[in-house]
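Hi there,

Here is the structure I promised to pass on to you. Have a look at it first, and then read my notes below.

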Amino acid sequence: MGSFLISLVPSSFKPEIHVQRRVQIIATVGIVLFSFIPILLLVMQLTKGDNYVGTLQMILNTFEIGKAWFFTFIVANMLFIFLLWFDDQKNKIYAYGGLAFTFLLILGLGWASHASSVGHIKGFIIHTSHFIAVTVWVGILIVVSWFSKGFSNWLKFLKWFSPVAIVCFSITVASGIGLMTFVMDFKTYTDTWMLSYGQLLLIKHLLIIPLIVYAAINSLLVKKKLIQYPSFNPRPWSKVESLIVLLIFSVTAALSNQSPPSENTFKNEGPSGLFSYFYQGQNLQVMQVELAFNATSFSLFVLSILLIGLTIYAFLKKAPALITFFLSILFVFSSYLALILSIT
């Protein structure tokens, strides 16, 4: 998505960028292979005896996730052939074709989503809009961060990309809240922390905080820095922002493999191993969590605020961007401990 969109932008409004076709092709092949893994796991779970082929055929013909993957397989092959024949870097008109195939792939993902199976058309629309917003925002971010040759025209790039990122982030948050309503009641949000699903969801939400900080740095502070110092290189900071995004994607991937939070899930699976580590030996028979800050958790909460402040301070003092990445990880770690150790 990012490579096709950025090729449509006039050269005067972006840094010099070249995304090799082999990168696009590898990404397309990756979509087919990695989206097949849930199908493979389902085959292994349902297969009785050695009839793997028969089970696979049944899933592809009768399960919505199987039909959606077969649709993805067909569209990805069409995109693969399209990329072999046409180079969007040489002719912008080809980028529209790539965007059309990418949009179809997103529709396939929305079709196979949990929200679509639960909420049908409503769930499909919310999940699809969520993923479109993510791919537009993050796709452009990753392509510009890792495939740009220099940082000329970066100010002009920020002038149009910052509003796009804000709109996409707003849609992502709004649709993300909508997706949460399909699996949980917001009143029981803290109760879900006892489950693996809730633990991963908490970590994901904490990672969003440094992401917002980096987005602010890259859209506001970097702009001021470039005006004062035209030789300032903003790419390391956008790269760190993309790394935070990839961490969020990783947690989301793990989250999708967990059972939705409920009393039955708690009874069948019990509390998560991570939660049990902090509260081993205590009565964990009821899925109920209440928060009350104590001296330890309050100290950790203050520490997490300081770490976020240090991230911004490190940018102002021209510290390496990688240092701020580790500060962000420490923020997530300390804020997680602050919340978990506040449970009574």
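**Two helices side by side**

Helices α7 and α8 are roughly antiparallel to each other, because the angle between them is over 145 degrees. Please keep in mind as you read that this is a predicted model.

Two packed helices are described by the angle between their axes and the distance between the axes. Here, α7 covers residues 154–180 and α8 covers residues 196–228; they pack at an angle of about 165 degrees, and their axes are 11 Å apart. The crossing of this pair is left-handed. On the α7 side, the contact is made by Trp154, Leu155, Leu158, Ser162, Phe169 and Met180. From α8, the residues taking part include Leu201, His205, Ile208, Ile212 and Lys223. Sorted by class, this contact has 11 nonpolar, four polar and one charged residues.

How many salt bridges does the structure hold? There is one. The partners are Glu64 and Lys67, whose side chains meet with a distance of 3.8 Å from N to O. Both residues belong to helix α4, which spans residues 64–85, and because they are three residues apart there, about one helical turn separates them.

Thr72 has a relative accessible area of 9%, so it counts as buried, the cut-off being under 20%. What does Thr72 touch, if you leave aside its neighbours within four places in sequence? Its contacts are then Ile31, Ser35, Leu105 and Gly108.

Then look for Ser328, in helix α13 (residues 321–340). Ser328 is buried too, with a relative accessible area of 2%. Not counting residues up to four places away in sequence, Ser328 touches Pro210, Tyr214, Ile244 and Thr311. Now find Leu211: along the chain, Leu211 and Ser328 are 117 residues apart, yet their C-alpha atoms are separated by 8.8 Å.

Enjoy exploring, and write back with any questions!

Best wishes

Key
Residues numbered from 1 in each chain as written. Predicted model: local features only at pLDDT ≥ 70, side-chain atom pairs only at ≥ 80, totals over all residues. Heavy atoms only, no water. Axes fitted to C-alpha atoms, helices over the stretch in contact; angles between N-to-C directions. Helix = DSSP H or I, 4+ residues; strand = E, 2+ residues; numbered from the N terminus. Parallel < 35°, antiparallel > 145°, perpendicular 65-115°, else oblique. Left-handed = near helix turned anticlockwise from the far one by under 90°. Contact = heavy atoms within 4.5 Å. Nonpolar A, V, L, I, M, F, W, Y, C, P; charged D, E, K, R; others polar. Salt bridge = Lys/Arg side-chain N within 4 Å of Asp/Glu carboxyl O. Buried < 20%, exposed > 50% of the residue type's maximum accessible area, 1.4 Å probe, protein only.
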